[in-house]
Amino acid sequence: MLSLFIFFAAAISYFELVYRHWFFKSIGVDYIFPVLFGFAAAAVIFSIFAFFPKIARKIIAFLVVILLILVYAAELIYYDIFHVPLSVYSLVGAKDVLEFWNIALSIIFKNGLAISLLCLPVVFWSLFGKKISFSRPHPFAGGGGLFFG
C-alpha cells in the first residue's frame, strides 16, 4: 500500500519538477529544496487528514490534489505573463486579471502541455487510487505510519 503521505510528497515534488523544467529548462542539485518542501507540505496535509474519518479523507485528499493542480497551473500562467513568481501580494490584484483575459487565454493554450502534465497525479489517482492507504498513522509507529500507511 502506498501511503497518502508519500503520494502527496511525490505529487508536490512532481509539480515543482514540471514548473522548474517548463520555464528554466534545467534541474540542478538545488531541486532537493522543492523535494524537501514536498515532504514538509505532505506532512502538514497528512497531519490535518488524521482528524477526519476515512471516507472524508478520501474526498478531501482528492480535492486537495485538484486545488494543488489549480495553484500550480495559475503559477505557470502568471509566470509566463509577468515573468515573476506569483505571490500573496499578487493575489490582491487578482481582479485586474479580467483586463488581461485574452492574454491569459492565449497563455493557457501556449502552456497546455505543461498544464496537462500537472494533471498526471489525478490520472495516477484514478488508476491506482485503491492502492493508496487512507488509514490513520498509529501514534506509536515512530513515523513508519507516514510511509507505509
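**Exercise 1. Which side chain makes a polar contact with the side chain of Asn 111?**

First, some ground rules. This is a predicted model, where local features need pLDDT of at least 70, side-chain atom pairs count only at pLDDT 80 or more, and totals for chains, interfaces and linings use all residues. Residues are numbered from 1 along each chain as its sequence is written, and side-chain values use heavy atoms, with hydrogens and water left out.

*Step 1.* Find Asn 111 in the loop between helix H5 (101-110) and helix H6 (112-118). Helices are DSSP runs of H or I with at least four residues, strands are runs of E with at least two, and both are numbered from the N terminus.

*Step 2.* List what Asn 111 touches: leaving out residues up to four places away in sequence, you get Trp 22, Leu 76 and Asp 80. Contact here means heavy atoms within 4.5 Å.

*Step 3.* Pick the partner: the side chain of Asp 80, at 2.8 Å. A polar contact is a pair of N or O atoms within 3.5 Å; within protein, one must be able to donate a hydrogen and the other to accept it, and residues adjacent in sequence count only if both atoms are side-chain atoms.

**Exercise 2. Describe the largest nonpolar core.**

*Step 1.* Know the term: a nonpolar core is a set of buried Ala, Val, Leu, Ile, Met, Phe, Trp, Tyr and Cys residues joined through side-chain atoms within 4.5 Å.

*Step 2.* Size it up: the largest one has 33 residues, and Leu 4, Phe 8, Leu 118 and Trp 125 have the most contacts inside it.

*Step 3.* See who contributes: H1 (4-24), H2 (32-49), H3 (54-82) and H6 each supply at least two residues of this core. H1 gives the largest share, 11 residues.

*Step 4.* Zoom in on Trp 125: not counting residues up to four places away in sequence, its neighbors include Leu 4, Phe 62 and Ile 132.

Definitions and conventions
Buried < 20%, exposed > 50% of the residue type's maximum accessible area, 1.4 Å probe, protein only.
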